[in-house]
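Please read the following report alongside the sequence and the coordinates. Its terms are given their cut-offs where they are used.

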Amino acid sequence: MLDVANLVTAYGKIEALKGVTLQAERGRITCLLGPNGAGKTTLMMSIAGILQPQRGSIRLDGTDLTGLTPARIVAQGVALVPENRLVFPQMSVRENLLAGAYQRNDKVEIAADIERMYERFPRLRERREQLAGTLSGGEQQMLAVARALMSRPSVLLMDEPSLGLAPMVVAEIFRIVGELNRDGTTIFLVEQNAHMALQVAHHFYLMEQGRVTFSGTPGQLAEDEVIQRAYLGARRTN
Amino acid sequence: MIDFVQNTIDGVMIGSSYALLALGFTLIFGVMRRLNLSYGPSIMIGAYLGTLVYVQLSAGPAVVIAATVIGAVLAGVYVERLCFAPMAAGAGIASMVSSFAIWMQLEQAAILVLPRHTYPFPPLATGAPLTLGPFLLRVDHLVTLGCAFALSAGVQLLLYRSRFGLALRAIINDPVAAHLVGINVRTAVMLAFALASAVGGIAGYLVLATDQQVTPMFGMWATFKGLIAMMIGGLGSIPGAIVGGLVLGIVEAQSQWYFGPQVRDLLAYVLLFACLVLRPGGLLGEPPARESALGRGSA
């Protein structure tokens, strides 16, 4: 279980996370919904070790990940598919996948995993020698997911995988998310697309202004209320 | 015509040492997107270690080369730890300015610690130059040219065929994503500095073995020549470093012959200026677009 407790991350004096507590259960899909600026990406970057939290803890099955370098966190089996994908634009699709397996030394298995990625994402096979920067947004998102999977993570973090993609591509991404989860990967997903997220999630959290404001299962809260709070922030009181 | 060809040959030969200096420079710039003004002075420290083992222990060429390279690598890593590793992403100016401060520090240290200003440096090859029809070729120059091509090919192979190269290219492409795939970016950057300094150390050895003497001013000279050659060729481009070095060498050799040494340096800067105006990214580099030359760093 990925266990985040009382996490505070600040940019200078501004606290983007004001004590976030949430859990992502093993083998499940957990979603975090919330408007822009709620601190969702900050949370993901803190879990991945890119940002250093000021207080609080991040644990994976009891192992403390707080303050570890990103490389150590990858070694612990946590991989992040970052917001805006961040593929290596001047490297080929195949090289991007190889970079994803950077910490592994088993050449034969790496080659087999690349083959598996090509099977899961046939478009990547077609474009394997193409520079990643020339791919379409959807293809780049597939590549970013495949690259993260190359480290064989037990927990996959995904930051807004639907961002800027056409509805059909979004559906495809969510189909893959479900598939990965059925294959045993724990998934912790940040989304603005509440409708899609609620369809796949086992559990979801709402985050507003650096705090978790709701925790429950889809259906526990009316979808239109979730959507309103996920897009617009706190409920209007009048 | 014979003069012109001979000048071109000489220019290519001198230019190959500029190319080597630019190769190390461009490697650091490519990975960090930051200028290391202390690049030349760290080579100068290596050169002094080389001359030390030569004068004190009468060491042979292999030991002098090793001492020069080791000294340059140690000084290069010192600069990296001090001026680059602690600086946050986006603090490229801080790195550049502090590398300027360390330049002054290394230069003053060399002047203060070493009682004599000029020290002898052992020649690489003695004896008459080779003749090729009406043209003359110096053996040490030929070695430098060979080294320039061999080392740039070697660095290119390293970048495109090795695991370390994959890591460096990932960092060049996107430092945050490089962290996310599990690359230890800080270590890789330090090793890139060490590699660049080793290339610089070899360049320094070859230049000084031709000059047969070393002064504390060598650091400034190496930074200037490497920087100009890199900027003419294209920031961060390995073929650009070679082309930039050779073009600079040829222009210098021609202008020295036809107009004299004062005009030579003037023309070198005119060439740089023309390049920056007409092709801001350098001859083989990409034009600067999204990021400023000093802006992007590793997260």
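Predicted model: local features only at pLDDT ≥ 70, side-chain atom pairs only at ≥ 80, totals over all residues.

Residues are numbered from 1 along each chain as its sequence is written, and chains are lettered from A and ligands numbered from 1 in the order in which they are written.

| Property of chain A | Value |
|---|---|
| Helices and strands | nine helices and ten strands |
| Span of the C-alpha trace along its principal axes | about 55 × 40 × 30 Å |
| Buried share of the 238 residues | 47% |

Helices (H or I, at least four residues) and strands (E, at least two) are DSSP runs, numbered from the N terminus, and a residue is buried if 20 or more other C-beta atoms, placed from the backbone, lie within 10 Å of its own.

Chain A holds an open sheet of four strands in the order β2-β1-β4-β5, with antiparallel pairing, where two strands pair if DSSP finds at least two bridges between them. Because β2 (14-24) and β5 (63-64) of chain A each have a single partner strand, they stand at the edges with one side left without a neighbour in the sheet. Strand β1 (residues 2-11) of chain A pairs with β2(A) over eight bridges, and Leu7(A) has Val20(A) in β2(A) as its bridge partner.

Between the chains, 21 residues of chain A are in contact with 15 residues of chain B, a contact being two C-beta atoms, placed from the backbone, within 7 Å. On the side of chain A that touches chain B, α2 (70-75) and α3 (93-100) of chain A are the elements that give two or more residues.

The largest nonpolar core has 170 residues, and those with the most contacts inside it are Leu157(A), Leu20(B) and Ile171(B); such a core joins buried Ala, Val, Leu, Ile, Met, Phe, Trp, Tyr and Cys residues through C-beta atoms within 7 Å. Leaving aside residues up to four places away in sequence, Leu157(A) touches residues including Met44(A), Val78(A) and Phe188(A).

In chain B, helix α2 (residues 39-57) is largely enclosed by the rest of the structure, because 14 of its 19 residues are buried. Just after α2(B), Ser58(B) takes a positive phi of about 45°.

Conventions
Buried ≥ 20, exposed ≤ 12 C-beta atoms within 10 Å, placed from the backbone.
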